[in-house]
Amino acid sequence: MTGQPAVVIAIGNPYRRDDGIGPAVASEIERLQLPGVRIVMSDGEPVGLLAAWEDTDLAIVVDAIRHEPPCPGRVHRLTATELDTGAAAASSHGFGVPYAVQLSRALNRQPGRLVLFGIEAADTGAGWGLSAAVAAAVPTAVAAVRAELEKRAQIWAAMRAARSTRRQV
């Protein structure tokens, strides 16, 4: 663990309907003002993702995805390993997160741990606002992101306790 803050990276464009799910979830997380959590808005460009998650122990990416068969609003949790193996969901952005993960490994710029929350999109056409199914998924996605951040906090607390115990011995 690097000790750097966790980062929540929101990929998406709110002017493309459900593609705005990443920024919608990140805005809710940002409102919580969680200590040690940095929020980054991204267009999904791989080099920008590497810069956002480099030197962090936890990177959480939130993005709209396509999946077959479709179920708009369903939240998927994928790890870096699952992204490497071509899990059955695709980003709605060009090369996307899987390519960025591969690139970060090749350049030794990966985060300690990476989790992608992909929310199935119904409509990524031009327009403002999430579809009803995707908007209904925002609280679920926020809760999933918070759970990952809480795991990180528990790990850090356990590490501090272990260090304190070693010092006392």
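Reader: In what order do the elements of the protein chain run from the N terminus on?

Author: The order is β-α-β-α-β-β-α-β-α-β-α-α. The total is six helices and six strands. Helices (H or I, at least four residues) and strands (E, at least two) are DSSP runs, numbered from the N terminus. This is a predicted model: local features need pLDDT of at least 70, side-chain atom pairs count only at pLDDT 80 or more, and totals for chains, interfaces and linings use all residues. Residues are numbered from 1 along each chain as its sequence is written, and side-chain values use heavy atoms, with hydrogens and water left out.

Reader: Why is L114 called buried?

Author: Buried means under 20% relative accessible area, exposed over 50%, and partly exposed in between (1.4 Å probe, protein chains only). L114 has a relative accessible area of 5%, so L114 is buried. Its place is strand β6, residues 113–120.

Reader: With which residues is L114 in contact, leaving aside its neighbours within four places in sequence?

Author: They are W53, A59, V61, L78, T79, A80, L83 and V101. Contact means heavy atoms within 4.5 Å. Take W53: 61 residues separate W53 and L114 along the chain, yet their C-alpha atoms are separated by 8.6 Å.

Reader: What share of the contacts with a separation of 6 or more do residues 24 or more positions apart account for?

Author: Such residues account for 82% of those contacts in the protein chain. As for burial, 43% of the 169 residues count as buried.

Reader: What makes R74 and E120 a salt bridge?

Author: A salt bridge is a side-chain nitrogen of Lys or Arg within 4 Å of a carboxyl oxygen of Asp or Glu. In R74 and E120, the closest N and O atoms are 2.6 Å apart. R74 lies in the loop between β3 (58–67) and β4 (75–79) and E120 in strand β6, so the pair ties together parts that are 46 residues apart in sequence.

Reader: Are R74 and E120 buried or partly exposed?

Author: R74 has 34% relative accessibility, so R74 counts as partly exposed. E120 has 1%, so E120 counts as buried.

Reader: How do you know that R113 forms a salt bridge with E148?

Author: The closest N and O atoms of R113 and E148 are 2.8 Å apart. The pair links distant parts of the chain, with R113 in strand β6 and E148 in helix α6 (residues 138–168), 35 residues apart. At 27% relative accessibility, R113 is partly exposed. E148, at 3%, is buried.

Reader: Which residues are linked with R113 and E148 in a network of salt bridges?

Author: R77 and K151 belong to that network too. The whole structure holds eight salt bridges.

Reader: What makes R16 and D19 a salt bridge?

Author: Their closest N and O atoms are 3.4 Å apart, and R16 and D19 form a salt bridge. R16 has a relative accessible area of 27%, so R16 is partly exposed. D19 has 0%, so D19 is buried.

Reader: Which residues of helix α1 are buried?

Author: In α1 (residues 21–31) these are I21, G22, P23, V25, A26 and I29. An α-helix has 3.6 residues a turn, so residues three or four places apart point the same way. Q33 follows α1, with a positive phi near 50°.
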